[in-house]
Amino acid sequence: MIHASHAPHAHAPTSISRVMWLVIAALVPATLFSIWLNGWPALLLWAVTVGSAVFAEFFCLRLAQRPAAPVLSDGSAVLTGWLLALSLPAWAPWWIGALGAFFAIVVVKQVFGGLGQNLFNPAMAARVMLLIAFPVELTTWVQPAPLFSADALSLSQSFALTFLGQMPSSFDALSGATTLGHIKTELTRDISVVQALAGHGQSMSASLFGLHGGSLGETAAMLLAAGGLALIALRVISWHIPLAVLAGVALPALLLHAHDPARYLDATTHLLSGGLILGAFFIATDPVTSPGTPRGQLIFGFGIGLLTWLIRTYGGYPEAVAFAVILMNALTPVIDRYVRPRIYGHASKAASKKGAAS
Amino acid sequence: MKLKISELRDTLGYQIALLGVVALLASLLLTQASILTRADIAAAEARDLQVSLAQVLPEGSFDNALAEDTLLLDSPQGQVKVFRARLKGKVTAVVMKLSPIGYAGPIDLVVGMDADGKVLGVRVLKHKETPGLADQIETSKGRWIFSFDGKSLNDPSPKDWAVKKDGGVFDQFTGATITPRAIVGALKRGLELFTKEHERLFDSAATQRAEGDTK
Amino acid sequence: MNYLQITRDGLWDKNVVFTQMLALCPALAVTSTATNGLGMGLATTAVLLGANVLIAALRHLISPDVRIPVFIVLIATLVTLVDMALNAWLHELYKVLGLFIALIVVNCAILGRAESFASKNPVAASALDGLMMGLGFTLALIAIGGTREILGSGTLFKDAHLLLGEAFSFLELTLIPGYKGFLLMILPPGGFLAVGFLLAVKRIIDQRSARRAQEAASVAAPVTA
């Protein structure tokens, strides 16, 4: 039951499950790529997180004495777990994924009444919870060591890492900071963005193809964008939110970078870093927690983009997409209240008359 | 009687008088309480300061009231307050109060130094750093702050007074570089200031503020 | 006046936090440990008791038109007294709670009791009401603080000796030795989570007992229709 009262896309249940599985399908290429890039630990973490989300959903339905099979097959728990897994550092221990998935499903989704009733995007709320509660685990990034490359961990080493927390002794280049984190740190010691970027040794093409440290799926910008565009082409999601999110980040970045390039990052790095592409196409577009009207969606998306830029630039944490998404989720009911659909012509006319009179 | 009051209390005069009397009684009560507690509160606050300063000095190494024997030094970062520890009138050590800017605002810390410029101890009094990530600077959360004990400006050498990430000898924390960097930098500057002002700091004859007032 | 009902109301049926949903600011802000909750609860109880007694005693003298300013002056005076007393004689606790003591003035539960109970009832009943509402508030704060403390840092009643004296240091438990801590529960969001879940637990208990009472009633008086 989608709660969006006047959403043009309020589908019947079968169609919800179609949407969920299509979104998952669009995530597959980027996921495969990032598992290849980050090695076996990424696969293990992904499996634990998705598995825990499904189990948590099953557990809640059991508790509420509702049949589990129809709800589980709608794919929404799988998608929540999947998105959460993609937003975690690839080498995080298993309990981070499991705890996050339980939090997302039990506290953020089922406690609010299940699919369609939740106020916040479960995956992003869980990510924020994990970041606040376990900042060390959530900000320990590794330089990627692709599968089958010389540095890659073997499967048994990976098990030891993910499940027992044993860091292989050969591996000491631990905190391979992400681009955003690195620049944030360097700015505090008066090193300009330009120097910091050069020092980080990260080329634009590496960002495009995702060949750098980051969370599981934050990195493969191209593949994620391709998946997102495919979803737009299939009319699973509309273009409004993704475009508005990207514009919300790019506009202030362009303006201020032109004003002071030493202090403010350029727009391209902003767009390709962190979870922005994933957030814009796959997370902000969640129909349950975003406004129902195109105009509302534009406001919502731009708000996410702007908040992301603000928090990245001035806030305490280097990455901001998750914070921005749940802040705007909280505003969704307000946006829906004030941005009415234009289906009923009288309503908007009456409103404008009233506005003119007052 | 009751009836009369219920009539009377609707009049404006009664209401004004009521408010006035209540306010007057409240002020009298508070004044009395303030007189009663003032001495104890001042003593408790002085004890707080003494305790926080004494943390960075060896036990029994001083016999004066630290908070009353202060100097203000000028540094490029602004004025630095120094408390002097005396044993039988002779200055044996100083405690410097520093406030470097960390990740989320100033970190208030005190550092004790003996006459040879050796660090006796460092403690963080107040900070707003990220909980769980950078709060290992508190003694209740980690032992990092003890890694400065016994160090001086030439041990390690001045260029090693930095976190490992910047080529120095002091550890940073996983996921937090800015906080330790701020503290190490502040301590180094504090030690440099100490060396520069050594003579003034340990001039035992210099009047204590408390004595200066009475003489 | 039914003293049993007043007691029940204060402790459970009309619990300040979990039923009236009042005073949530202190309930969320100071309850990172059970000890803090206890300290804040006791300080509030002292003010609540004092305010109720004073206002009940003066209730015939206070004009309805200016009652709110009078209540506020009385409450603010009491709070300031508690503030000074704690600062002078329980200084360690004051350092933890200091910021929030002053906020007891705007604790709506106190003005609420003054307005809805003490201004209409005799002194003895008002005193009991203030005491029980205060204790109910204290228990709620201990429950929230205890939940957050156990989950957040694996201890219970940490630093209780600062509040109650060395004699009570036996209260201090380390339930989970070597626990790394679940920071979220100590931070403000943990307060919201703990209040939410404890509220749900109270609702479940209330529903159960209501159902049981209903069943008992229907057994006692079988349906005749």
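The following legends describe close-up views of a predicted model.

**View 1. Overall make-up of chain A.** Chain A contains 18 helices and zero strands; helices (H or I, at least four residues) and strands (E, at least two) are DSSP runs, numbered from the N terminus. Of its 358 residues, 56% are buried, where buried means under 20% relative accessible area, exposed over 50%, and partly exposed in between (1.4 Å probe, protein chains only).

**View 2. A patch of positive charge in chain B.** B:Lys81, B:Lys97, B:Lys126 and B:Lys128 gather on the surface in this patch. Patches are made of residues with over 30% relative accessible area and no salt bridge, like charges being joined within 9 Å and nonpolar side chains (Val, Leu, Ile, Met, Phe, Trp, Tyr) within 5 Å. A salt bridge is a side-chain nitrogen of Lys or Arg within 4 Å of a carboxyl oxygen of Asp or Glu. Lys and Arg count as positive, and the place of a Lys charge is taken as NZ. B:Lys81 belongs to strand β2 (residues 78-87) of chain B and is partly exposed, at 37% relative accessible area.

**View 3. A nonpolar patch on the surface of chain C.** Among its members are C:Leu11, C:Trp12 and C:Val201. Helix α7 of chain C gives the most, with three residues. C:Leu135 is found in helix α7 and is partly exposed, with a relative accessible area of 31%.

Residues are numbered from 1 along each chain as its sequence is written, and chains are lettered from A in the order in which they are written. Local features need pLDDT of at least 70, and side-chain atom pairs count only at pLDDT 80 or more, while side-chain values use heavy atoms.

Methods:
Areas by Shrake-Rupley, 256 points an atom, 1.4 Å probe, with all protein chains shown as cover.
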